[in-house]
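Open the model in your viewer and keep the selection tool handy. We'll hop from one spot to the next, and at each stop you'll hear what to pick.

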Amino acid sequence: MGHPDKVADHLADTVLDRVLAADPKARVACEVLVSGRRVILAGEVSASPLPTRGDLRRLVRETIAAVGYDSWESGFDPRRARLHFYLRRQSPDIARAVDGDGEIGAGDQGMMIGYATRQTPELMPLPLVLSHRLVARQAAARVQGLVPGLRPDAKAQVTVAYEGRRPLQVEALVLSTQHTPAWNESQGDLAQAVATHILKPALGEWWHEGIVVHVNPGGPFCLGGPAADTGLTGRKIIVDTYGGWAPHGGGSFSGKDATKVDRSASYMARHVAKNVVAAGLAAECEVHLSYAIGVAAPTSVSVDCSGTEAVPEERIEALVREVFPLTPGGIINDLGLRRPIFAPASYHGHFGRTPGEAGEGTFSWESTHRAAELAAACGLPAPTP
């Protein structure tokens, strides 16, 4: 959550949530740049009422402080940062295309991809699940003081050995974590503390003593955050989704309201894929959706189960079209995407989360409530909850 790119994503989604709380039908496309001592918000906001500059200033400073930055030495000082706002209303051409004749049209063209796999209880690829656990544990260890002197900036990487598509064991871990100068001369002690309080608890049953561990492999990591590295919205779309295990359509999520199918259709594609796998129709499922700006119906719907399907893919695809609402308006209503629920998704992944984890219905796209219907339609046993 303290990586500069994720700070930018979190700011964008926090602004989105603040606008949606006042106007659920607002149109928002907010981009954020954090660098040095500056924060720049740019993009389009059409809402009633519009947030004031004073509201935005307070929101930005409070959000960065909540991440854990409190001084230039820590990587950013939200109290003294210079804030710049370049927000305007949505283009009338785009607004007209989206509003259509009563049915919401797609806010842009593009393709969106959803994925699910039986590798983990979360129905996500194991390396990504473990990576998210590591950075979430780093944040918890920092806040709880389990490893004194940790700072917010951090990132993780996990190498897993496979036999076919089945994970066998974790082979290597990389965790880079920012810290105070007190650890500069004792990186070995820091690595031991990180292993005890972060690595082993995060990996749980996947931990073993043969893992190759790299903690701060570049040496001391004292200066971090926006003071050391510029952050920008949309640069972490792979860790936001499936860690490269599935393809990516290219559109980022954070700062965008749900009329932007980059976000809403990606959420629905994940919802579809997860329910297909949870229903036992396949052990692995990749769903592709594509849209044209201003058009409600998707221009394509396809399903690829990589040979793991229990029923023909053509049957699964037909069920997807029949059971799931795939127009932008249908997706928004079905998943409840007009609510201010997006900021918690901006770090530690948008997928593989527990439904309601950050408040009732927050991660509605992670629900598998349609799995029983899909299984019954294919004559399969009801899935275990």
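**First stop: Gly231**

Select Gly231 and show what surrounds it: leaving aside neighbours within four places in sequence, Gly231 is in contact (heavy atoms within 4.5 Å) with Pro4, Asp5, Ala8, Val32, Leu33 and Val34. Gly231 is buried, with a relative accessible area of 0%, where buried means under 20%, exposed over 50% and partly exposed in between, using a 1.4 Å probe on protein chains only. This glycine sits in strand S8, residues 231-232. Strands (E, at least two residues) and helices (H or I, at least four) are DSSP runs numbered from the N terminus. Now pick Lys25 as well: its C-alpha atom is 29 Å from that of Gly231, and the two are 206 residues apart along the chain.

A word on what you're looking at: this is a predicted model, where local features need pLDDT of at least 70, side-chain atom pairs count only at pLDDT 80 or more, and totals for chains, interfaces and linings use all residues. Residues are numbered from 1 along each chain as its sequence is written, and side-chain values use heavy atoms, with hydrogens and water left out.

**Zoom out**

Show the whole protein as a cartoon and you'll have 10 helices and 10 strands on screen. The C-alpha trace spans about 60 × 55 × 30 Å along its principal axes. Of the 385 residues, 53% count as buried. Among contacts between residues at least 6 apart in sequence, 70% join residues at least 24 apart.

Grid points are joined across faces, edges and corners, and a volume is the space filled by probe spheres set on the points.

Stay on Ser131, in helix H4. Is it buried or exposed? Ser131 is buried, at 12% relative accessible area. Beyond its neighbours within four places in sequence, Ser131 is in contact with Ala156, Gln157 and Val158.

**Two cavities**

Now look inside, where there are two cavities of 30 Å³ or more. For the largest, about 80 Å³, select Ile113, His248, Gly249, Phe253 and Ser266, which lie nearest its centre among 14 lining residues. Strand S4 (110-117) and helix H7 (261-278) each supply at least two residues of that lining, and the largest share, three residues, comes from S4.

The second largest cavity has a volume of about 40 Å³. Select Leu20, Pro24, Ala26, Asp257, Ala258, Thr259, Ile332, Leu337 and Arg338 to see its lining.

**Last stop: helix H3**

Finish at residues 92-99, helix H3: at its start, a side-chain oxygen of Ser91 reaches to within 3.2 Å of the backbone nitrogen of Asp93. After H3 comes Gly100, with a positive phi near 55°.

Notes
On a 1 Å grid over the protein atoms alone, a cavity is a set of points where a 1.4 Å probe fits but cannot get out, and a pocket is an open set with protein on both sides within 12 Å along at least five of seven lines; lining residues have an atom within 4 Å of a point. A polar contact is a pair of N or O atoms within 3.5 Å; within protein, one must be able to donate a hydrogen and the other to accept it, and residues adjacent in sequence count only if both atoms are side-chain atoms.
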